[in-house]
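These are my notebook entries on one structure. I record below what I looked up, entry by entry.

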Amino acid sequence: MQAFTMESTGRSYRKKVLILIAAIGILRLMLAFTVQLGNDESYYWLYSQHLKSNYFDHPPMIALWIRASTLNLWLQNYPGFIRLGSVISCCVATWFMYKSVSLINNERAGFFAACLYNASFYAGITAGIFVMPESQQMIFWTWSLYMLARITQQENNWKYWLLFGIASGLCIMSKVHGLFIWIGLGFYILFYKRSWLANIKLYATLAISIIICLPILFWNIRNNFITY
């Protein structure tokens with residue numbers, strides 16, 4: 001009986017989160033299609049016109065995101081389609097945030113985490129509507145957090161380790177500040193999980209993340225590390 005009640009409560013909160021994502025997502029789309037592009041957004045739009053493995057001040061993910069949301073620039077004359085990737089990213093990031101907190105606490109806490117995420121000006125508006133490198137970063141950041149939450153409960157499962165490597169690598173390819181995911185994990189291992197230092201999965205995951213980020217390194221080698 002108790003298990004049934006918990007399952008019913010979980011479905012209730014999942015439904016609330018989905019309603020939250022849909023309702024706020026529609027509002028974001030309305031703003032995305034009615035507000036003209038800002039200076040920074042126009043700058044990032046220029047990235048999409050000339051795809052490269054890295055740019056002077058950011059990795060290439062934002063250019064790829066714009067290409068995808070505009071169907072390879074076919075719909076680039078509409079600001080809403082240029083921003084569509086940002087809106088979708090916020091919706092998915094909200095779901096990952098909910099799943100992460102639900103896993104380490106409970107569904108109710110996950111729901112409030114999703115609400116707080118959308119209430120944040122940074123996550124809900126700046127990165128949730130406008131074309132910014134943070135827009136793509138947040139989906140991979142929260143995906144990384146979700147995988148870490150999974151790993152803490154099933155540390156022998158290769159799948160979650162490898163998915164974390166992919167998510168963290170793509171997070172860095174969105175904005176180099178994604179490195180903080182690994183720095184945070186390093187401190188967690190140092191203070192709470194030193195046994196992971198002998199876990200081959202950790203090093204395989206790190207290798208995947210590094211391989212994904214190699215385009216940033218190669219571009220900077222060719223350009224005298226001008227980014228830094």
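Which residues does S86 touch, not counting residues up to four places away in sequence? I found W65, A127, G128, I129, F130, V131, M132, S135 and Q136, where contact means heavy atoms within 4.5 Å.

Before going on, I note that this is a predicted model, in which local features need pLDDT of at least 70 and side-chain atom pairs count only at pLDDT 80 or more, while totals for chains, interfaces and linings use all residues. Residues are numbered from 1 along each chain as its sequence is written, and side-chain values use heavy atoms, with hydrogens and water left out.

**Entry 1**

I located S86 in helix 4 (residues 79-104); helices (H or I, at least four residues) are DSSP runs, numbered from the N terminus. Its relative accessible area is 2%, so S86 is buried (buried means under 20% relative accessible area, exposed over 50%, partly exposed in between, with a 1.4 Å probe and protein chains only).

I then turned to Q136, which has its place in helix 7. Q136 counts as buried because its relative accessibility is 1%. Leaving aside neighbours within four places in sequence, I listed M61, I62, W65, S86, S89 and S174 as the contacts of Q136.

**Entry 1: helix 3 with helix 4**

I looked up the axes of helix 3 (residues 61-69) and helix 4, which come within 7 Å and cross at roughly 110°. Axes are lines fitted to C-alpha atoms, for helices over the stretch in contact, and angles run from 0 to 180 degrees between N-to-C directions. Helix 3 and helix 4 are therefore roughly perpendicular to each other; angles under 35 degrees count as roughly parallel, over 145 as roughly antiparallel, 65 to 115 as roughly perpendicular and the rest as oblique.

From helix 3, W65, I66 and S69 take part, and from helix 4, F81, I82, L84, G85, S86 and S89. I sorted the residues of this contact into 5 nonpolar, 4 polar and no charged. In this scheme Ala, Val, Leu, Ile, Met, Phe, Trp, Tyr, Cys and Pro count as nonpolar, Asp, Glu, Lys and Arg as charged, and the others, Gly among them, as polar.

**Entry 2: helix 6 with helix 7**

The axes of helix 6 (residues 121-129) and helix 7 (residues 133-153) cross at roughly 125° and come within 8 Å. That makes helix 6 oblique to helix 7. I saw that Y122, T126 and A127 of helix 6 meet E134, S135, Q137 and M138 of helix 7. By class, this contact has 3 nonpolar, 3 polar and 1 charged residues.

I checked helix 8, whose 17 residues reach 25 Å from the first C-alpha to the last, close to the 24 Å expected at 1.5 Å a residue. The expected span is 1.5 Å times one less than the number of residues. The buried residues of helix 8 include Y160, W161 and F164, and what covers the buried residues includes helix 3, helix 7, helix 9 and helix 10.

For helix 10 (residues 200-222), the 23 residues should span 33 Å, and the end C-alpha atoms are 33 Å apart, which agrees. Where does helix 10 bend? I found a bend of about 45° at C213, with a proline, P215, following within four residues; the bend is the angle between axes fitted to the seven residues ending there and the seven starting there. The buried residues of helix 10, among them C213 and W219, pack against helix 8 (158-174) and helix 9 (179-191).

Note on methods:
Helices (H or I, at least four residues) and strands (E, at least two) are DSSP runs, numbered from the N terminus.
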